[in-house]
Amino acid sequence: MCGIGAAWGKGAGAAVVKIGLWLSHRGHEGVGYAYLENGAVKLGKPPEDTQAALVHVRYSTSGPYGVSLQPVYVKYRDLEIAVAFNGTIVNFRQLDNTASFDGEALAKSLAREMWERGVVEGVQEVYKRIVGAASLVALTPWGILAVRDPHGIRPLALSHDIDGVKIASETVALENGIELAPGIAIMYGDRISTWKIDPKPMRLCALEYVYFAHPASKLGGRLVADVRKALGRALAEDETEEGDVVTYVPETARHAALGFAKRLGLEVVDAVVKNRFSGRLFIRPPSERKPEEAFYVVRDFIEKKRVFLIDDSLIRGTNIKAIIWMLKKAGATKVHVRIASPPIRWPCFYGMDFQKRTELVAWGRDVEEVREIIGADTLRYISMEKFRAILGDVVCYSCFTGVYPHGIDIDWAERELSRNFK
Ligand SMILES: O=P(O)(O)OC[C@H]1O[C@H](OP(=O)(O)OP(=O)(O)O)[C@H](O)[C@@H]1O
Ligand SMILES: NC(=O)CC[C@H](N)C(=O)O
Ligand code: SF4
Ligand SMILES: [Mg+2]
């Protein structure tokens with residue numbers, strides 16, 4: 001998914017380095033920076049005391065894996081800018097047919113349109129053409145520009161103090177951060193201006209709540225950890241199996257497991273441990289997702305026990321399959337898998353790298369078929385009804401329903417976003 005950050009004012013260079021560290025759960029394929037030096041835009045780690053700077057942490061959805069490609073620097077005539085964004089632009093070739101990936105198309109079309117139409121209308125024009133999701137930060141000669149995606153699919157927050165302004169994908173990277181409303185643009189320099197770029201109905205990504213965002217961040221004004229606990233509690237309400245202990249797939253399923261166990265009066269045991277240096281497997285390039293190297297099962301917690309194994313989501317089934325096998329090998333008598341989100345049967349075209357139906361373990365399969373593939377004794381997901389009741393109606397559910405805010409044709413989007421270098 002990527003994380004973006006920007007700062008304007010005293011110590012902006014040091015501020016973006018800190019923001020990047022606090023957003024590293026949003027992408028660890030690469031980190032990139034840009035900053036202003038004597039009015040010129042530079043790429044590279046900024047001096048601590050620079051006046052304006054950007055940061056991007058990458059989890060790629062377009063272009064090559066495993067490299068830092070953002071911020072993107074562009075010069076159009078005499079206008080120099082650097083742009084970092086979070087999201088996916090399905091029709092990026094329509095924005096700029098010379099671009100090698102969506103971030104480059106966005107930066108080139110922004111520079112061109114801002115030069116030709118001025119900042120306010122230029123930004124508006126680019127967003128009018130985008131099919132996809134894009135929250136962005138940019139360095140411009142007028143200051144730093146921040147835009148929250150018109151549907152609010154991707155988050156963006158801001159904080160203000162006497163040193164200046166700081167912007168970040170999530171509130172955890174800021175002190176007293178407040179979330180920007182969908183479709184809001186802010187230019188922060190010697191003067192501050194704010195304008196609206198065609199805001200649409202709010203559709204914040206459901207998977208930000210379920211998996212992606214930091215548990216200490218606030219989304220839609222709610223603490224992410226609390227939402228995850230509520231999902232776990234609701235999942236437990238329909239439980240019919242008997243179990244001795246609750247465990248979970250580390251790290252993100254932890255809060256859902258706490259909510260689930262509390263509702264059933266069971267103990268949560270840390271039976272599955274994850275090597276802290278292995279990071280998030282789901283957002284690694286395909287060749288680097290190796291659950292057998294990342295997870296370890298503590299036999300003493302589960303031997304001869306019936307285990308409830310909680311995960312926040314089941315996407316390709318990579319993590320859970322490996323862990324069920326390890327639990328069984330270590331002597332668990334039953335493994336009842338419980339998932340704190342409904343089956344994901346459709347691709348994401350808005351910033352997550354599952355952009356093809358065939359990648360998804362639940363695509364075209366019923367729950368029983370998925371259970372068989374992953375090797376669980378039983379498998380149950382939270383119901384769509386309970387999921388919606390907890391997350392509300394300002395959320396994107398497209399990967400659960402196959403219905404997209406932009407009325408996207410799935411065959412077309414899969415073709416546009418196909419990545420041949422997997
Ligand atoms: O079905 P899959 O394709 O395996 O994807 C889903 C899994 O990947 C994520 O964990 P990840 O290891 O990325 O990070 P985490 O430590 O934050 O849970 C998520 O929490 C699930 O465990
Ligand atoms: N996940 C994201 O936000 C990715 C941003 C952009 N599509 C890239 O691949 O760099
Ligand atoms: S399709 Fe799924 S992952 Fe993508 S933005 Fe919507 S809820 Fe999030
Ligand atoms: Mg996980």
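**View 1. Strand E6 in the shell around ligand 2.** Strand E6 gives 3 residues to the shell around ligand 2, the largest share. Helices (H or I, at least four residues) and strands (E, at least two) are DSSP runs, numbered from the N terminus. The model is predicted: local features need pLDDT of at least 70 and side-chain atom pairs count only at pLDDT 80 or more, whereas totals for chains, interfaces and linings use all residues. Residues are numbered from 1 along each chain as its sequence is written, and chains are lettered from A and ligands numbered from 1 in the order in which they are written.

**View 2. Residues around ligand 2.** The shell holds 17 residues, of which Cys-2, Ser-60, Thr-61, Ser-62 and Asn-86 come nearest; a residue is near if its C-beta atom, placed from the backbone, lies within 6 Å of the molecule. Two or more residues each come from strand E6 (79-89) and helix H3 (102-117). By type, 10 residues of this shell are polar, 5 nonpolar and 2 charged. Nonpolar denotes Ala, Val, Leu, Ile, Met, Phe, Trp, Tyr, Cys and Pro, charged denotes Asp, Glu, Lys and Arg, and the others, Gly among them, count as polar.

**View 3. Residues around ligand 1.** Ligand 1 is surrounded by 19 residues, with Thr-252, Arg-280, Phe-282, Arg-316 and Asn-319 the closest. This shell comprises 9 nonpolar, 5 polar and 5 charged residues.

**View 4. Surroundings of Val-83.** Not counting residues up to four places away in sequence, Val-83 touches Pro-71, Val-72, Leu-106, Ala-107, Leu-110, Leu-136 and Ala-138. Contact requires C-beta atoms, placed from the backbone, within 7 Å.

Definitions and conventions
Two residues are in contact if their C-beta atoms, placed from the backbone, lie within 7 Å.
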